[in-house]
Amino acid sequence: MTHATGKHFLQIPGPTNVPDRVLRAIDRPTIDHRGPEFSQIAREALETLKQIFQTKGAVVMYPGSGTGAWEAALVNTLSPGDRALMFETGHFASLWKEMAGRLGLEIDLVPGNWRTGVDPAVVEAKLTEDKAHAIKAVCMVHNETSTGVVSQVAAVRKAIDRAKHPALLMVDTISSLASIDYRHDEWGVDVTVAGSQKGLMLPPGLSFNAVSEKALAAAKASKMPKSYWAWEPMLSSNKTGFFPYTPSTNLLYGLKEAVAMLLEEGLPQVFARHDRHAEATRRAVKAWGLEILATNPREYSSSLTAIVMPEGHDADHLRETILERFNMSLGQGLGKVKGKVFRIGHLGDFNDLMLAGTLSGVEMGLAIDKVPFKRGGVSAALDYLAGNH
Ligand SMILES: Cc1ncc(COP(=O)(O)O)c(C=O)c1O
């Protein structure tokens, strides 16, 4: 690699750019995690965080990645042999399903083409069929990071209610929380799974479960083995601002700052900013004459856009060219779309000029790699941004 000057453009769909304010908050001496100063910070962080999930209920926080929070959601609420309804919407939905299988759950998998989200009509049909209420949980990914497809959580909730089915609703919001409108309480979600490294603008290392009263009741009956991920000791320690084991002290300073930044901007404004950058990106892609992986405009993601490469052109080669020449990282195609798509992350701490730079890097990379495309994508995006401010 040639010597890189200037800032690296981290335009993968998470981990995202960490704002200076958050970096400065983390850059402090580590304190005693059993002392009064820590207790105060932790209680404050856990309380304000509820606003981001749009919940009044409990939020559990782990020193761990999002995968851990997936496991926590399953092992705290279910028992070996329980059935879960899951959907093959993309790479992350598939990984969650594999995990559920390894934990001893029976999975009722709805196959998918990785280009569309969960169909609420299928949810209603599957649950209506399940007269014996054998299905204990419906597990879905809100924003599928591998495809840029958003599933409609509120519509799935309504489908579960129409079927009059008692299954728990569990939602992975790892790449949507604090980027795309998400309402844990209003949408009747039982467990929300989240991570620190995307919309929350923090480094990787924290993950979360927001938990409904119904999920807490299910946890009392759950027979799945659990220890590190168990909610009960966590919730009782959290009451006094402590944790049953060593928490990520410095990330908590960062969390407090990141939540403050999001609330200063205002959640509706945060979502509108993401929508606007996503729309500008799609206008660029359309002007280039390239295809967006998501096929249903109602399901377009505001966190990222996955772009299909023209036949015979390798997305990973394009990403390598762009990294080498412009010091910008783009998201690779994951699982069965490897080499076929690349992903532009436009979430987290991001603004118009960062998007302009990102799209310019992509447009130049397409030209260098001799990918068949039309010029003018960047202009189309700039026109949109200038006209919609
Ligand atoms: C939607 C989604 N779910 C789960 C995960 C797994 O999270 P982690 O890599 O933090 O374990 C990711 C990671 O990118 C993701 O995007």
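## Basis of the model

The model is predicted: local features need pLDDT of at least 70, side-chain atom pairs count only at pLDDT 80 or more, and totals for chains, interfaces and linings use all residues. Residues are numbered from 1 along each chain as its sequence is written, and side-chain values use heavy atoms, with hydrogens and water left out.

## The ligand site

The ligand is surrounded by S65, G66, T67, W70, F92, V141, N143, T145, D172, I174, Q197 and K198; a residue is near the ligand if one of its heavy atoms lies within 4 Å of it. By class, this shell holds four nonpolar, six polar and two charged residues. Here Ala, Val, Leu, Ile, Met, Phe, Trp, Tyr, Cys and Pro count as nonpolar, Asp, Glu, Lys and Arg as charged, and the others, Gly among them, as polar. Helix α3 (residues 66–77) supplies the largest share of the shell, three residues. Helices (H or I, at least four residues) and strands (E, at least two) are DSSP runs, numbered from the N terminus.

In the side chain of S65, an N or O atom is 2.5 Å from an oxygen atom of the ligand. The side chain of Q197 likewise has an N or O atom 2.8 Å from a ligand oxygen atom, while for G66 a backbone N or O atom lies 2.8 Å from an oxygen atom of the ligand. Of the 380 Å² of accessible area that the ligand has on its own, the protein covers 86% (Shrake-Rupley method, 1.4 Å probe).

## Helices α10 and α13

The axes of helix α10 (residues 267–288) and helix α13 (residues 377–387) come within 7 Å and cross at roughly 150°. Axes are lines fitted to C-alpha atoms over the stretch in contact, and angles run from 0 to 180 degrees between N-to-C directions.

Contact means heavy atoms within 4.5 Å. On α10 the residues involved are R276, H277, E279, A280, R283, A284, A287 and W288, and on α13 they are G377, V378, A380, A381, Y384 and L385. These residues divide into nine nonpolar, two polar and three charged.

## Backbone features

The peptide bond from G14 to P15 is cis, with omega near -5°. P15 is located in the loop between β1 (9–11) and α1 (20–26).

Q54 is not a glycine, yet it has a positive phi of about 55°. This residue, Q54, belongs to the loop between α2 (36–53) and β2 (58–63).

How values were computed:
Polar contact = N/O pair within 3.5 Å; in protein donor to acceptor, adjacent residues only side chain to side chain.
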